[in-house]
Amino acid sequence: MSTKDTTFVYCDGSSRGNPGPAAIGVSFQNNDGIEFHFISEKIGTATNNVAEWNALSRGMEDAINRNIKKIKFRLDSELVVKQMKGEYKVKNKDLMVFKTKCDQLKNSFENFEIQYIPREQNARADQLANLAQDSKE
């Protein structure tokens, strides 16, 4: 797969308290690392894992709405990445709803990849989640 027309999507969810006030951050970047779209929003009260899954599903939905066909998701949630790849079972019913939805959304892409990255490589998505957390709205 040529990376020239591949979109990289960095996703992060945060919860202050577990569960607690939660938010997501999603950064869409081209192959040169230039951000061309982002999501930064509160999602109500959720656990950290629900927030991480929410960030992934929202990123997938936005990519589909933008007609992006070749995509590489990057998350610092090893749990979500391994559950998405089928390496870990999803036992929590709340998370299973997201897993089922994301499995369906995945079929909309010509090329779909998801990869775990260390937190320090996910700084922009983390920043976007925190901006939403700290906003007064």
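**Sheet, core and salt bridges of the predicted model**

F73 touches V9, C11, L56, G59, M60, F112, E113, I114 and Q115, with residues up to four places away in sequence left out of the count; contact denotes heavy atoms within 4.5 Å. The model is predicted, with local features requiring pLDDT of at least 70 and side-chain atom pairs counted only at pLDDT 80 or more, whereas totals for chains, interfaces and linings use all residues. Residues are numbered from 1 along each chain as its sequence is written, and side-chain values use heavy atoms, leaving out hydrogens and water.

F73 also belongs to the largest nonpolar core, which comprises 29 residues; W53, L56, F73 and L75 touch the most other members. Such a core is a set of buried Ala, Val, Leu, Ile, Met, Phe, Trp, Tyr and Cys residues joined through side-chain atoms within 4.5 Å. Buried means under 20% relative accessible area, exposed over 50%, and partly exposed in between (1.4 Å probe, protein chains only). At least two core residues come from each of β1, β2, β3, α1 (48-65), β4, α2 (78-84) and α3 (93-106); helices (H or I, at least four residues) and strands (E, at least two) are DSSP runs numbered from the N terminus. Helix α1 gives the most, with 7 residues.

The 5 strands form an open sheet of order β3-β2-β1-β4-β5 with mixed pairing, where two strands pair if DSSP finds at least two bridges between them. Strands β3 (35-46) and β5 (111-116) lie at the edges, each pairing on one side only. From one strand to the next, the twist averages 15°. Strand β4 (residues 70-75) runs parallel to β5 and is joined to it by 6 bridges, with L75 opposite Y116 in β5. Helix α4 (residues 123-134) packs on the sheet through β1 (7-15), β2 (20-29) and β3, its direction making about 140° with that of β2; axes are lines fitted to C-alpha atoms, for helices over the stretch in contact, and angles run from 0 to 180 degrees between N-to-C directions.

The structure holds 14 salt bridges, each defined by a side-chain nitrogen of Lys or Arg within 4 Å of a carboxyl oxygen of Asp or Glu. One of them joins E113 and K72 (3.9 Å, N to O), linking strands β5 and β4 across 41 residues. E113 is partly exposed at 29% relative accessibility, while K72, at 13%, is buried. D103 and K99 also meet in a salt bridge (2.7 Å, N to O); these residues are separated by about one helical turn because they lie 4 residues apart in helix α3. A network of salt bridges links E41, R58, E61, D62 and K101.
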